[in-house]
Amino acid sequence: MRRRALGWAFAALAGAAVGVSLLAVALLVLITALQAGPITAMRAVAEAGISLSLRSLEIPGTREAHTYVPMAQVAAGSPAASLGMARGDALVAVAGTGVDRPSRAWEAVGRAPGGRSVTLPVVWLPRAEVTLGGLRMESRNGETRVVLASPSAAAREAGLQPGDALLAVGGIPIQGTRQAWEALAVAARTHGVPVELVLERGSERLTLFWDPTRQAELTFVRDPLRAWWSFLTTLNEPRYPERAGLLPAFLGSVYVVLVMAVVALPLGIAGAVYLEEYAPQNFFTRAMEVLVANLAGIPSAVVGIIGLEVFARALGAGRSVLAGGLTLAVLILPIVIVASREALRTVPRTLREAAFALGATRWETVRHHVLPYAFPAILTGTILSFSRALGEAAPLLFLGAFLFVTYVPQGLMDSFTVVPLQIFEWATRPQDGFAAVAAAAIVVLLSLLLLLNAGAILLRNRLQRRWSE
Amino acid sequence: MSPLDFEPILSARNFSLWYDSQQALRNINLDIPARQVTAIIGPSGCGKSTLLRSFNRLSDLVPGVRISGRILFRGQDIYGRGVDPVEVRRRIGMVFQKPNPFPKSVFENVAFGLRINGYRGNLRERVEEALRLAALWDEVKDDLHRKTGYDLSGGQQQRLCIARALAVEPEVLLMDEPCSALDPIATAKIEELIRELTAVTTVVIVTHNMQQALRVSDWTAFMLLGELVEFGPTREIFTRPKDPRTEAYVTGKFG
């Protein structure tokens, strides 16, 4: 009675563990994919035409620094460009939220209530020459001053005159021509508009309030499907996470795994057939079996060193798709062999005897009866080894595969990167947004692995039904 | 053993067999008459299946097997130098204890032996002929390609295995307890079939069931502990055995 209860308890625990972990992974993927918040918002901002970067301004006389967000690029013909935004403008606020980092702008777009398409107020500070006009440095009474040489129309309208020296902007002392505009950008965000300007006109000091920013309504299209699609199908972009694409890494992974499959499958299955069906029972066979089993336990980094020394250097394949595929083939070969041997062992002895008794040779028996019977199990084992290879980063890192490429490999000898390496590269970047991109790539990788494993199970079930009926 | 008035198709001559260090067959001398049914009987573990599997060199497949002596097939030693066991098995067919059809269609089951033998005639006709010989044709003719071997009942499966073996026209058909996994009705059908097979081939049948040996065989060999105790016409073995051990066995004193 007790033993039975214990058995039930263990069964329940095991079932719960498997069920919970599967459910967790599926939920994780589903939720992330459905929400896809960061990446969708990032893509929406990029689609509106704006690429953001991050700069920092030290406040003179203090240890403080404030950040501001210049537009690194404004795509020609985009909605942003048609509003007059241009490269070098600073983004000040989106939907009423001050923007001190690029992620703040993306979050504001992502969080804004509304459906697929939202129109939000955007505040920006046009670049220095538009806002302030020409500036120059001048020495007055032994002190260096930043003087308005030819104020812009907007500045004139606010009451600034040629020859005025800028002393402080929003409480920030002005020390240089570039810094004057940067101070304006920081002040507009931290103190709001209008900004308090302290001027020196002639010998008198005067204070002026000015709103140098522009405001407009900008429409953002938040489309998760489109965001995912463009994430998967665009080439990579080194600087702007909102335009980073997984295509080179994704196709790199596919190509490398294909090369691996072409090499490892025939070799592995042939090896398993030899060991199970042909090899005589002697010392060498047993030694080989032990070696193969141990090979499966080699750390993948060590396999990477083999790949580097043998394929990349000795065979001169370099850091190419070919070298990567061969290295992964070394990694999964023992797994394929062990899985295939297990599969071959499940073939009933009576089936082999039936073929032999009809005068079939060993090869005819293997080809017509043993392999077809074992095929579903072999397939399952090898697909599982594929998913291991797909998630593997260490061996390719050792091989010297690039972490980052912006093109799709065109041939066997092209260099490449794979999804895990790309994730690693993105995850280690300090800039805003790359963490979200790395997370998106992780979701892609996980979904791919789930898909492969589910495919293996489905395929096995279908084939098994066909054979065992 | 008195000289027998027949032409043997298979003969064992001083044949012994070891699995690793354990001797399974001891100095067997036996002649199998052509176009007749010979039964090999004996208690479990007496070596009757091993002897049967030695006749088509299927015992070669077991690791660690050693033999001495000869087995002559039409006068030629099948264990001789340069004899290909595959060739031996093409001429000496076998049916196993448990029906073991291939997981393929009925047609492919029967056609496999023909295909690997490079049969050049009409495959369909030959398959039908074999299925008719095995008394299975009427039951499967409508879905030769749709049904797999596994879709058939146990008795049908065994007759399919017999058809499969007969398709390549073996000169000898070895049967290793072909009815032990079948019900009485299926068994009766197979036994009837075995009687008819002497028209086309020689049958050697290993059986546990003495009544079966009595019903189907012309000759009977009794084995005990790896030795051939007695061989003779079935009726004599069962009614007037010469050896007291044979008498003890056929009268049910042990086994």
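In β5 of chain A, the bridge partner of A:Val94 is A:Thr97.

First, the ground rules. This is a predicted model, where local features need pLDDT of at least 70, side-chain atom pairs count only at pLDDT 80 or more, and totals for chains, interfaces and linings use all residues. Residues are numbered from 1 along each chain as its sequence is written, with chains lettered from A and ligands numbered from 1 in the order in which they are written.

A word on terms. Strands (E, at least two residues) and helices (H or I, at least four) are DSSP runs, numbered from the N terminus. Two strands pair if DSSP finds at least two bridges between them.

Back to chain A. Strand β5 covers residues 97-98, and two bridges join it to β4(A). The two run antiparallel. They form a hairpin with two residues between the strands. A:Ala95 in that hairpin takes a positive phi near 50 degrees.

Now β4(A) itself, residues 90-94. Is it buried or exposed? Five of its five residues are buried, so the strand is largely enclosed by the rest of the structure. Buried here means 20 or more other C-beta atoms within 10 Å of the residue's own; exposed means 12 or fewer, and partly exposed lies in between, with C-beta atoms placed from the backbone.

Which other strands does β4(A) meet? One is β6(A), residues 117-125, antiparallel over four bridges. A:Ala93 stands opposite A:Val123 there. Another is β3(A), residues 65-74, also antiparallel, with two bridges. On that side, A:Pro70 stands opposite A:Ala90.

Follow β3(A) onward. It pairs with β2(A), residues 55-58, in the antiparallel sense over four bridges. A:Glu58 faces A:Ala65 across that pairing. β2(A) and β3(A) make a hairpin with six residues between them. In its turn, A:Gly61 has a positive phi of about 85 degrees. β3(A) also takes β1(A), residues 50-52, antiparallel over three bridges. There, A:Ile50 stands opposite A:Val74.

On to chain B. Its secondary structure comes to 10 helices and 10 strands. The radius of gyration is 18 Å, close to the 18 Å that the globule rule gives for 255 residues, so chain B is as compact as a globular protein of that length. That radius is taken over C-alpha atoms, and the rule is 2.2 Å times the number of residues to the power 0.38. The C-alpha trace spans about 55 × 45 × 35 Å along its principal axes. Buried residues make up 46% of the chain.

Contacts next. Two residues are in contact if their C-beta atoms, placed from the backbone, lie within 7 Å. Among chain B contacts between residues at least 6 apart in sequence, 69% join residues at least 24 apart.

One residue as an example: B:Leu72, in strand β4 (residues 65-73) of chain B. It is partly exposed, with 18 other C-beta atoms within 10 Å. Leaving out residues up to four places away in sequence, B:Leu72 touches B:Ser11, B:Arg13 and B:Asp77. The C-alpha atoms of B:Leu72 and B:Asp31 are separated by 9.2 Å, though the two are 41 residues apart along the chain.

Last, the interface. How many residues of chain B are in contact with chain A? 23, and they meet 18 residues of chain A. On the chain B side, α2 (85-91), β6 (92-95) and α3 (106-116) each supply at least two residues. By class, that side has 12 nonpolar, six polar and five charged residues. Nonpolar means Ala, Val, Leu, Ile, Met, Phe, Trp, Tyr, Cys and Pro; charged means Asp, Glu, Lys and Arg; the others, Gly among them, count as polar.
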